[in-house]
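Take a look at the chain below. We start with one residue and then step back to the whole fold.

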Amino acid sequence: MATPAQPKKIVAPTVSQINAEFVTQLACKYWAPHIKKKSPFDIKVIEEIYEKEIVKSRFAIRKIMLLEFSQYLENYLWMNYSPEMSSKAYLMSICCMVNEKFRENVPAWETFKKKPDHFPFFFKCILTAALAETDGEFSLHEQTVLLLFLDHCFNSLEVDLIRSQVQQLISLPMWMGLQPARLELELKKTPKLRKFWNLIKKNDEKMDPEIREQAYQERRFLSQLIQKFISVLKSVPLSEPVTMDKVHYCERFIELMIDLEALLPTRRWFNTILDDSHLLVHCYLSNLVHREEDGHLFSQLLDMLKFYTGFEINDQTGNALTENEMTTIHYDRITSLQRAAFAHFPELYDFALSNVAEVDTRESLVKFFGPLSSNTLHEVASYLCLLPTLPKNEDTSFDKEFLLELLVSRHERRISQIQQLNQMPLYPTEKIIWDENIVPTEYYSGEGCLALPKLNLQFLTLHDYLLRNFNLFRLESTYEIRQDIEDSVSRMKPWQSEYGGVVFGGWARMAQPIVAFTVVEVAKPNIGENWPTRVRADVTINLNVRDHIKDEWEGLRKHDVCFLITVRPTKPYGTKFDRRRPFIEQVGLVYVRGCEIQGMLDDKGRVIEDGPEPRPNLRGESRTFRVFLDPNQYQQDMTNTIQNGAEDVYDTFNIIMRRKPKENNFKAVLETIRNLMNTDCVVPDWLHDIILGYGDPKAIRAGMQPGLTMVVGPPGTGKTDVAVQIISNIYHNFPEQRTLIVTHSNQALNQLFEKIMALDIDERHLLRLGHGEEELETEKDFSRYGRVNYVLARRIELLEEVKRLQKSLGVPGDASYTCETAGYFFLYQVMSRWEEYISKVKNKGSALPDVTEISTFFPFHEYFANAPQPIFKGRSYEEDMEIAEGCFRHIKKIFTQLEEFRASELLRSGLDRSKYLLVKEAKIIAMTCTHAALKRHDLVKLGFKYDNILMEEAAQILEIETFIPLLLQNPQDGFSRLKRWIMIGDHHQLPPVIKNMAFQKYSNMEQSLFTRFVRVGVPTVDLDAQGRARASLCNLYNWRYKNLGNLPHVQLLPEFSTANAGLLYDFQLINVEDFQGVGESEPNPYFYQNLGEAEYVVALFMYMCLLGYPADKISILTTYNGQKHLIRDIINRRCGNNPLIGRPNKVTTVDRFQGQQNDYILLSLVRTRAVGHLRDVRRLVVAMSRARLGLYIFARVSLFQNCFELTPAFSQLTARPLHLHIIPAEPFPTTRKVAFGFLLPPLSLFPHLPVFLLPSLSLRSSLHRGK
């Protein structure tokens, strides 16, 4: 296996480098936002920058990054653009800036929306340039940039400005690019289209000739672009050197084709154009595909394009095609070919008269059509309208290889997509794990394209939606698995022994050498399948390790996933492992296969089952685990061994690796997605089109009515309280309905559940599933077994009440023996007495009833003797009658509950009782999205039912993890029972966490369904009053929301109007220059630290604690993990064990602190070279909105103040002094009001203040010296 070259990491320029750059000097002269007096616009500046900075550096990202960051596009390029100035340099500069914005994942079209007038002309110029000759004015590299720009346009159809331009390229009139015979065939298939086509022709005739010619050019644009690509592709030689510009152009072009095919609005008419161009046939026969190294990514992209061109969908209607419909289409194609052969080609009679199944394989088609001449093949193709008719007495201009491939690839039988999926192994192997095109390293810069699916705004069908998510989830898990394997195997230090074997010089907690491995069972395949139903093996290891590690290995549970690894090291004993060099060649890794634990074997070779019984004590160190292997993978490996003589993989394993349980649920989730794709997913009709990104989003009913409700809750607006109130309303208004609560994290679920418990909801109707239940701050147990115990205990209490009632009525027997006997007692003894009583005291005609009768005839006086006396007041008939009815309601409720508990008497085992509780009794069921994905199969099997779903933190949940909870129940009569879906979240805060940058940036995997719905235009309910922070702090982030104001108490309560003791301002941005000559440092990749900021943050924390601030009211946040660890180290050294100071409430990252708050936040932004991921405005919003009373930010101001996206916040921050202003003599708490002056002159604390000394006296003096 070829070892991939390590990709280079892009090094961001430092601030000093930025300031020294030619670009920066120009920016300061012409367009920098902070420069007051700018020079007038000069187009020569654009020409000079393009030639000297961009072209000369071969479009270096570092140069383009500098330009884009300096607001070149916003403040210079587009602001001054006009049609007269459309030079090549101008057009290319704009395209480079837009592409860079997409690479950085920041909004790209805002500038164009503000000044849209010239965009149509600009776009037409781009189209013309994209079709220019490659050896002309625009180089191939430049045209690759243009392709990328066009791809971004096609993927931005939600932007009106872009859509209006793109639509002209992809609507029905583009069929002008079809050859006439094919056009006629397509119009004949759909009669309605012919009407539209005739209408288009009529409208064209009325057009001005010049406008008509321009329209024709736009319609033919994509057809001409395909022809241009084919000419570039054909110029690639088979073995001679090829410029990478050509390869990258071809890769980007195929990416564009995939994106056009994967969106219904672009695919609808384009798919026919693509098919008519025979692009795939040209590509598969090209030299580039056969160039092993250069063509590897191109081949992978081509397979993706092939998949989408044959996707199971009707292009015109957008309806998914069933397997039967796809088979019918295939049969129609073959039979039309057979009819053509029978009528016109005598040499194909045998083919024409054969049955379809006999001739629709590639081998059969080649056998029949291979012997034919090129001209005959061309005639067959033209008869099928695939090629123009061949003129008489002329030879075809096409190669025979092309003509044969055209006919064969079009008519060969294809394996269905669902079959392909079912035959796919779920565990990644070494071929996928280290393939950089599929699972890129952490150094992915966003420059090149990748063979990965993208999560767009829209999807073709539910199958397409699930499949893209399946592949991305699988690959994101693969990335994490790769990190775990590299870590564990390198720790084990595999070396080659003297005799050529393997010796392990180290050890790893998560991996062990395998002593023995045996496949013990290969079960027969199911009917219609060619892979075994089950493959089991025994793995023996020697646990001569510390006790706690031994316990971890012995604690492996059923369904835990492990990996079996083969290493054959070539390095001699003692060779050092170098993390900077490729991993595979150093350790000699050969194979990786996944497996799933069934259980550990006991002394007699039986699997030890999980259960309440204690596990048997096993003697010795040797342990054997029974594991399930992947049947699909086993079948592929065995086929390879038998047919190709390859070695048996399963005889070679020498390492087994386990993973942390929390990170190891990927197989269960993948199985869940695969099962969903094999069942008829019934999504409610009112949701189906919206999930795919179509339909009218505003037609969805919301609120308490059935439908989708989306609540956008900015920071501090009480999202959880709103969720709780909605749940309460549904519970009381629709008592028969069941509500499922889903959140992203256990912490959020517990916060929500604790508030629900405080409401007037009967606790027997509450159930909390999953492992986080034990963290609930309550003595009550809301897990399944906890609820069963509650029901049993409550049953005994209620039967005791029945016994007391029976005794009070003087009824003999044992009515309180069971729920059943209590029911009979109620029916025959209680109801009869109540009915007799009502008949005596109710209104009798016109005569006024006697008030005393209500008390006299009341049959339950003795039972209510323990209630406050007298029960009846005797003041009015209505009042006493209401009391009597209230007493009866109390009695009736006892028997109603007992009737519900009756099932617990009939079901004897705890498991059965808990299942009944889940399926019937519980009305509000709470779980995390991960638990829903893991347990879907079990829940559906039990017959779990629910009517409403409420999702909190919806903007933090992955697309697929949001979708799965919709399908945790079987449909009723073919329809989904789901009535309401309430999503509560904030798409302006951080999205789901994706560890791999490529999946996050290129595939847009971080997009949540909530965010996508907002982009599609689904109406939202916006909470618009916050009660968390001072109004001044709220201003730092409220610009991101529609109308976010403040609740009255934010102005009225003393804590919000009082100043922060010892600090002049309630928020401040403090500039921190280099400390000991160093700004940011990076000891490991992406592990950023800044010692100056870390020392400063801890110094301010110590100062605040010495003034009397409670340490637990202060949290220290940072934007990077490296800085978090550095700050924790400094706290441990400086003050962690000092009782005067102590430790802050939390030292963590902004991302981890989302959803939490504290009174005072000290924030370190770390970076001094590039803004980094704070440029994502969502992270800025989270960072600015965690503090209630005080926010103090430490940063390199010169870097952050220039960032366009951060301007609204940083313009407020930089309006205040950039040195910390303190009032050292003011203890906490203070009576000083905000902005009402101060008692002592403030001290300005400079960045290089020495670290604070203890105790406070020396602190004070050092402060004065600093001044």
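Leaving aside its neighbours within four places in sequence, which residues is Ala32 in contact with? They are Ala27 and Lys38, where contact means heavy atoms within 4.5 Å.

Some ground rules come next. This is a predicted model, in which local features need pLDDT of at least 70, side-chain atom pairs count only at pLDDT 80 or more, and totals for chains, interfaces and linings use all residues. Residues are numbered from 1 along each chain as its sequence is written, and side-chain values use heavy atoms, with hydrogens and water left out.

Back to Ala32. It sits in the loop between helix 2 (22-30) and helix 3 (43-55). Helices here are DSSP runs of H or I with at least four residues, strands are runs of E with at least two, and both are numbered from the N terminus. Ala32 counts as buried because its relative accessibility is 5%; buried means under 20% relative accessible area, exposed over 50%, and partly exposed in between, with a 1.4 Å probe and protein chains only. For a sense of distance, take Phe459, 427 residues from Ala32 along the chain. The C-alpha atoms of these two residues are separated by 41 Å.

Now the whole chain. The protein chain has 53 helices and 26 strands. Its radius of gyration is 36 Å, close to the 33 Å that the globule rule gives for 1267 residues, so the chain is as compact as a globular protein of that length. The radius is taken over C-alpha atoms, and the rule is 2.2 Å times the number of residues to the power 0.38. Along the principal axes, the C-alpha atoms fill a box of roughly 120 × 90 × 85 Å.

What of the packing? Of the 1267 residues, 55% count as buried. Among contacts between residues at least 6 apart in sequence, 75% join residues at least 24 apart.

How many disulfides does a search of the whole structure find? It finds 0, a disulfide being a pair of cysteine sulfur atoms within 2.5 Å. Cys250 is in no disulfide, and the nearest cysteine sulfur, that of Cys283, is 7.8 Å away. Cys1135 is in no disulfide either; the nearest cysteine sulfur there belongs to Cys1105, 7.1 Å away. Cys250 is buried, with a relative accessible area of 0%. Cys1135 is buried too, at 1%.
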